[in-house]
Amino acid sequence: MTNLQLVALLVVALTGSATALTREPLRQAAVAGIFGLALAALFMLVQAPDVALSQIGVGGIALPAMILLALAKIREHGE
Amino acid sequence: MTPARRRALVLVALAGLAAPLVVALAGLEPFGHYPGPYGDVLQRAIPSERHVSALVGATVFDYRAVDTLGEEFILLAAALGCTVLLRGRRAEREAAGETVVAARPEPDIAAQSLGALLVGPLIVLAIYVVAHGHISPGGGFQGGLLAVGALLLAYAAGQALALRRVRAEPALEVLEAIGAGGFAALGLAGLVAAGAALENVLPLGTAGTLLSGGTIPVANVVVALEVAGAFALVVSEFLDQALLGRRQDG
């Protein structure tokens with residue numbers, strides 16, 4: 001394992017923990033997006049560019065967007 | 001059940017989970033060492049059999065394409081479910097005579113300019129990733145998601161009303177249907193012309209060129225349509241109420 005891969009693993013562990021520890025859903029969506037991009041960097045570094053690209057799409061675009069949209073819908077109903 | 005007993009029960013369950021996990025992890029191959037035969041076999045077979053250099057793409061859209069077909073229909077079913085739920089609720093509220101007003105903050109100038117600046121390049125990147133799916137990493141799924149990112153950027157840039165005016169939902173439904181149906185049609189074409197579902201029926205071409213790899217680039221395109229259509233449909237159903245509210249205000 002190279003040093004770069006080790007660093008990426010640490011960043012994934014840190015951002016993953018940060019995602020779990022963030023209590024406010026709106027902030028959590030943003031932190032989860034950063035966690036997703038960290039995962040993408042890790043996948044790239046272990047020579048899985050296809051998975052890294054998918055991860056950028058899912059973790060960086062689709063997941064945060066769906067969480068934000070769902071949150072907006074929930075708040076709209078709550079008011 | 002008291003909290004103390006519940007905690008004890010959880011500890012027992014976690015220990016039961018941890019023990020086999022530790023045993024399994026201890027038996028793993030060392031980091032970076034690949035033991036299985038399948039990857040090696042595919043690595044040797046794909047370039048000569050399919051004239052394709054993106055081995056992952058060839059595996060996903062040819063050697064285990066039936067799997068991918070199943071995954072595509074999972075996405076179709078999920079998008080359909082979301083759409084039905086969201087439309088059902090809207091119909092209920094409209095029938096009840098409620099005015100749908102959603103808070104939609106005016107986009108600020110930074111979001112507007114950045115969004116407007118990035119929409120075009122992102123669409124080009126999406127098309128590139130889809131079209132080169134059989135040559136370099138990427139493909140229909142990744143490119144389709146990038147196209148959805150472009151749609152979200154357009155929304156962030158405040159072009160929502162423009163999106164509304166073109167009545168996107170029916171077109172998106174058609175797009176998604178073409179995507180899902182296209183893959184199924186590819187499978188049937190293989191069954192009819194070559195004797196096995198999803199078997200290649202197109203000329204393989206010269207490796208490394210855009211028009212090569214037989215049915216693999218076609219599969220990339222239909223999957224991109226399906227993924228982009230499914231996500232864009234759900235997103236636009238989500239955004240529909242907000243847009244409805246805004247139109248009534250103004």
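The expected span of a helix is 1.5 Å times one less than its number of residues. Helices here are DSSP runs of H or I of at least four residues, strands are E runs of at least two, and both are numbered from the N terminus. With that in mind, consider helix α6 of chain B: its 17 residues reach 24 Å from the first C-alpha to the last, close to the 24 Å expected.

Colleagues, this is a predicted model, in which local features need pLDDT of at least 70, side-chain atom pairs count only at pLDDT 80 or more, and totals for chains, interfaces and linings use all residues. Residues are numbered from 1 along each chain as its sequence is written, while chains are lettered from A and ligands numbered from 1 in the order in which they are written.

First, confidence. The model scores ipTM 0.87 and pTM 0.83. Chain B averages a pLDDT (the predictor's confidence in each residue, from 0 to 100) of 84, and 87% of the residues score at least 70.

How buried are α6(B) and α1(B)? A residue is buried if 20 or more other C-beta atoms lie within 10 Å of its own, exposed if 12 or fewer, and partly exposed in between, with C-beta atoms placed from the backbone. In α6(B), 15 of the 17 residues are buried, so this helix is largely enclosed by the rest of the structure. α1(B), by contrast, is hardly covered, with 0 buried residues among its 24.

Residues are in contact if their C-beta atoms, placed from the backbone, lie within 7 Å. By that criterion, 16 residues of chain B are in contact with 13 residues of chain A. On the chain B side, the elements giving two or more residues are α6 (140-156) and α9 (215-249). The largest share, 7 residues, comes from α6(B).

Finally, a helix pair. The axes of α2 (residues 37-50) and α3 (residues 55-63) of chain B come within 10 Å and cross at roughly 75 degrees. That makes α2(B) roughly perpendicular to α3(B), the term for angles of 65 to 115 degrees. α2(B) contributes L42(B), Q43(B), I46(B) and R50(B) to the contact, and α3(B) contributes L55(B), A58(B), T59(B), D62(B) and Y63(B).

Definitions and conventions: Two residues are in contact if their C-beta atoms, placed from the backbone, lie within 7 Å. Axes are lines fitted to C-alpha atoms, for helices over the stretch in contact, and angles run from 0 to 180 degrees between N-to-C directions. Angles under 35 degrees count as roughly parallel, over 145 as roughly antiparallel, 65 to 115 as roughly perpendicular and the rest as oblique.
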